[in-house]
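Q: I'm new to this one. Can you walk me through it?
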Amino acid sequence: MEFQGINLSARTLKRLHAWTEREAFSHAYIFAGPPEADKMGAARAFLKTAYCLAEDARPCGHCIMCTKIEHGNHEDLLYVQREGSSIGVKQIEDLQQRLRNKPYASERISAVIEDADKMTPQSQNKLLKTLEEPNPGNILI
Ligand SMILES: [Zn+2]
């Protein structure tokens, strides 16, 4: 697993390695840290491992899945970012609807909610159902 060039603590890197080596992904992760920590970079590297087509030494960094994730255009990866100062209920409802769809280009649909701490209380409550009853294969970060 390559997390080189990502500004993370040794403890966090060790944890990411452990998760990805088992390849038994949980349905949800929180990547938390100080503002200078490259949490999005870590999420991308982590998701490459989940999607990479290489037989071993994943992520390879070269296959179509790794390339699409690096370029931010993987069809089965959803990104939610705040609109204005917060992430609203409508955004979470849209996300939930898309998570229920069948994946286009892979085995699973995943989502990254950036600045999840900016979800409104209503958004948090809405997302709770997805966290409690995840769709098979989904990974939420
Ligand atoms: Zn790959």
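Q: Which residues have the most contacts inside the largest nonpolar core?
A: Tyr 29, Phe 31, Phe 46, Leu 47, Tyr 51, Ile 139 and Ile 141 do, in a core of 20 residues. A nonpolar core is a set of buried Ala, Val, Leu, Ile, Met, Phe, Trp, Tyr and Cys residues joined through side-chain atoms within 4.5 Å. Buried means under 20% relative accessible area, exposed over 50%, and partly exposed in between, with a 1.4 Å probe and protein chains only.

Q: Which element gives the most to this core?
A: H2 does, with seven residues. H2 and helix H3 (64–71) each supply at least two. Helices (H or I, at least four residues) and strands (E, at least two) are DSSP runs, numbered from the N terminus.

Q: Where do these numbers come from?
A: This is a predicted model: local features need pLDDT of at least 70, side-chain atom pairs count only at pLDDT 80 or more, and totals for chains, interfaces and linings use all residues. Residues are numbered from 1 along each chain as its sequence is written, and side-chain values use heavy atoms, with hydrogens and water left out.

Q: What does Tyr 51 touch, leaving aside neighbours within four places in sequence?
A: Met 65, Ile 69, His 74, Asp 76, Leu 77, Ser 106, Arg 108, Ile 109 and Ser 110. Contact means heavy atoms within 4.5 Å.

Q: Switching to rings. How many aromatic pairs are there?
A: Three, from a search of the whole structure. Rings of Phe, Tyr and Trp (its six-membered ring) pair if their centres lie within 6.5 Å; planes under 30 degrees apart count as stacked, over 60 as edge-to-face and the rest as tilted.
A: One of them is Phe 25 with Phe 46, edge-to-face, at 5.5 Å centre to centre and 90° between the planes. Phe 25 lies in the loop between helix H1 (10–22) and H2, and Phe 46 in helix H2, so the pair ties together parts 21 residues apart in sequence.

Q: Is Phe 46 buried or exposed?
A: Phe 46 is buried, with a relative accessible area of 0%. Phe 46 also pairs with Phe 31: the ring centres are 5.7 Å apart and the planes at 70°, so this pair is edge-to-face. Phe 31 lies in the loop between H1 and H2, so the pair ties together parts that are 15 residues apart in sequence.

Q: Which residues do the ring pairs link into a cluster?
A: Phe 25, Tyr 29, Phe 31 and Phe 46.

Q: What about Arg 44? Where is Arg 44 found?
A: In helix H2. Arg 44 counts as partly exposed, at 25% relative accessibility. Beyond its neighbours within four places in sequence, Arg 44 is in contact with Ile 69, Glu 70 and Tyr 79.

Q: How far is Arg 44 from His 74?
A: They are 11 Å apart in space, C-alpha to C-alpha, and 30 residues apart in sequence.

Q: And Asp 115? Where is Asp 115 found?
A: In the loop between S2 and H5. Asp 115 is partly exposed, with a relative accessible area of 33%. Asp 115 has a positive phi of about 55°, although it is not a glycine.
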